[in-house]
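Please keep the sequence and the 3D view at hand while reading.

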Amino acid sequence: MTTELSYRPPRLDAIIFDYNGVIGLQPTLLGWSGLAELTGWGTDQLGHFQSAFWSAREPYDSGELDDAGFWTAVLGHRPNPELLIRLRAVDTALWTRTDDRVVALLHRFRQAGLPMVLLSNAPHPVSDALDAADWRPLMTDALYSARLGMNKPHPATYRNALVATGVRDPGRVLFIDDRADNCRAAADLGLRTLHYTGSPADIETHLRFEAAA
Ligand SMILES: [Mg+2]
């Protein structure tokens with residue numbers, strides 16, 4: 001017996017991926033502690049360090065703050081040039097670890113000819129590192145907040161990503177992000193969305209449903 005779907009969504013023509021929390025793994029506690037130690041915060045003060053870190057991250061992601069500006073805001077004083085280089089390197093390493101299970105999916109989608117675009121809130125050093133990653137050529141294009149001059153969930157970030165897919169109709173493009181507010185903003189513009197919670201099987205299931213529709 002077959003079940004008739006009462007609603008058939010239009011064909012899926014492209015995917016827009018978030019990086020961190022989707023293609024990229026979230027930082028480990030050890031990674032956070034290593035960064036905090038560099039700044040002089042003890043590991044027992046990790047919460048305080050993370051508060052200082054996040055309070056300045058949005059303007060760093062959007063390109064409003066440069067490396068020195070961001071770390072001056074986090075530390076409360078300007079780091080010397082040697083420390084700044086180490087902070088930038090350790091911070092970039094923290095945010096560029098990749099989930100191999102999702103990269104395997106990227107290879108399959110690429111083989112299937114599906115255009116894929118990266119849309120990531122990332123400062124310049126992380127953007128440069130992601131552009132150099134071995135999986136990056138699988139993507140049609142990659143858009144980073146620091147280069148766009150604005151962060152998700154600003155509507156223009158999604159419009160730029162949609163243009164990069166080469167697909168005109170947002171209803172034929174799937175946006176995948178681990179943040180609900182980013183998904184809501186994308187849905188407001190007519191994109192289809194998957195609020196990703198860390199299971200690559202969810203992406204496969206979603207794609208199979210879309211393909212079967
Ligand atoms: Mg994310």
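The buried residues of helix 6 are covered by several elements, among them helix 4 (81-94), strand 2 (116-120), strand 3 (141-144) and helix 7 (145-148). The model in which this is seen is a predicted one.

**Buried faces of helices**

- Helix 6 spans residues 124-131, and its buried residues are Val126, Ser127 and Leu130. Viewed down the axis of helix 6, these buried residues fall within an arc of 105°, so they line one face of the helix.
- Helix 8, which runs over residues 155-165, has Thr157, Tyr158, Ala161, Leu162, Ala164 and Thr165 as its buried residues. Seen down the axis of helix 8, they fall within an arc of 160°, so here too the buried residues line one face of the helix.
- The cover over the buried residues of helix 8 includes strand 1 (14-17), strand 2, strand 3, helix 7, strand 4 (173-177) and helix 9 (180-188).

**Around the ends of helix 8**

- In the loop between helix 7 and helix 8 lies Pro153, and the peptide bond that joins Lys152 to Pro153 is cis, with an omega of about 10°.
- Just after helix 8 comes Gly166, which takes a positive phi of about 80°.

**Helix 1 and its partners**

- Helix 1 (residues 29-39) packs with helix 2 at an angle of about 85°, and the axes of the two helices are 10 Å apart. Angles of 65 to 115 degrees count as roughly perpendicular, and helix 1 and helix 2 are therefore roughly perpendicular to each other.
- On the side of helix 1, this contact involves Trp32, Ser33, Ala36 and Thr39, which meet Leu46, Phe49 and Gln50 in helix 2. Sorted by class, the contact of helix 1 with helix 2 has four nonpolar, three polar and no charged residues.
- Helix 1 also packs with helix 4, with an angle of about 170° between them and their axes 10 Å apart. Angles over 145 degrees count as roughly antiparallel, and helix 1 and helix 4 are therefore roughly antiparallel to each other.
- Where helix 1 meets helix 4, Gly31, Gly34, Leu35 and Leu38 of helix 1 face Arg86, Leu87, Val90, Asp91 and Leu94 of helix 4 in the contact. The contact of helix 1 with helix 4 has, by class, five nonpolar, two polar and two charged residues.

**Helix 2 with helix 3**

- The axes of helix 2 (residues 46-61) and helix 3 (residues 67-75) come within 8 Å and cross at roughly 160°, which makes helix 2 roughly antiparallel to helix 3.
- The crossing in which helix 2 passes helix 3 is right-handed. Its contact is made by Ala52, Phe53, Ala56 and Tyr60 from helix 2, together with Phe70, Ala73 and Val74 from helix 3.
- By class, the residues of this contact of helix 2 with helix 3 divide into seven nonpolar, no polar and no charged.

- Leaving aside residues up to four places away in sequence, Asp177 touches Asp18, Val22, Asn182, Cys183 and Tyr196. The C-alpha atoms of Asp177 and Ser120 are separated by 9.4 Å, although these residues are 57 residues apart along the chain.
- Gly21 is found in the loop between strand 1 and helix 1, and with 17 other C-beta atoms within 10 Å it is partly exposed.
- Not counting residues up to four places away in sequence, Gly21 touches Gln26, Asp178 and Tyr196. From C-alpha to C-alpha, Gly21 and Asp100 are 13 Å apart in space and 79 residues apart in sequence.
- Phe109 has its place in helix 5 (residues 100-111), and Phe109 is partly exposed, with 17 other C-beta atoms within 10 Å.
- Once residues up to four places away in sequence are set aside, Phe109 touches Ile15, Leu114 and Met116. The C-alpha atoms of Phe109 and Leu75 are separated by 42 Å, while along the chain these residues are 34 residues apart.

Conventions. Residues numbered from 1 in each chain as written. Predicted model: local features only at pLDDT ≥ 70, side-chain atom pairs only at ≥ 80, totals over all residues. Buried ≥ 20, exposed ≤ 12 C-beta atoms within 10 Å, placed from the backbone. Helix = DSSP H or I, 4+ residues; strand = E, 2+ residues; numbered from the N terminus. Arc of directions from axis to C-beta. Contact = placed C-beta atoms within 7 Å. Axes fitted to C-alpha atoms, helices over the stretch in contact; angles between N-to-C directions. Parallel < 35°, antiparallel > 145°, perpendicular 65-115°, else oblique. Left-handed = near helix turned anticlockwise from the far one by under 90°. Nonpolar A, V, L, I, M, F, W, Y, C, P; charged D, E, K, R; others polar.
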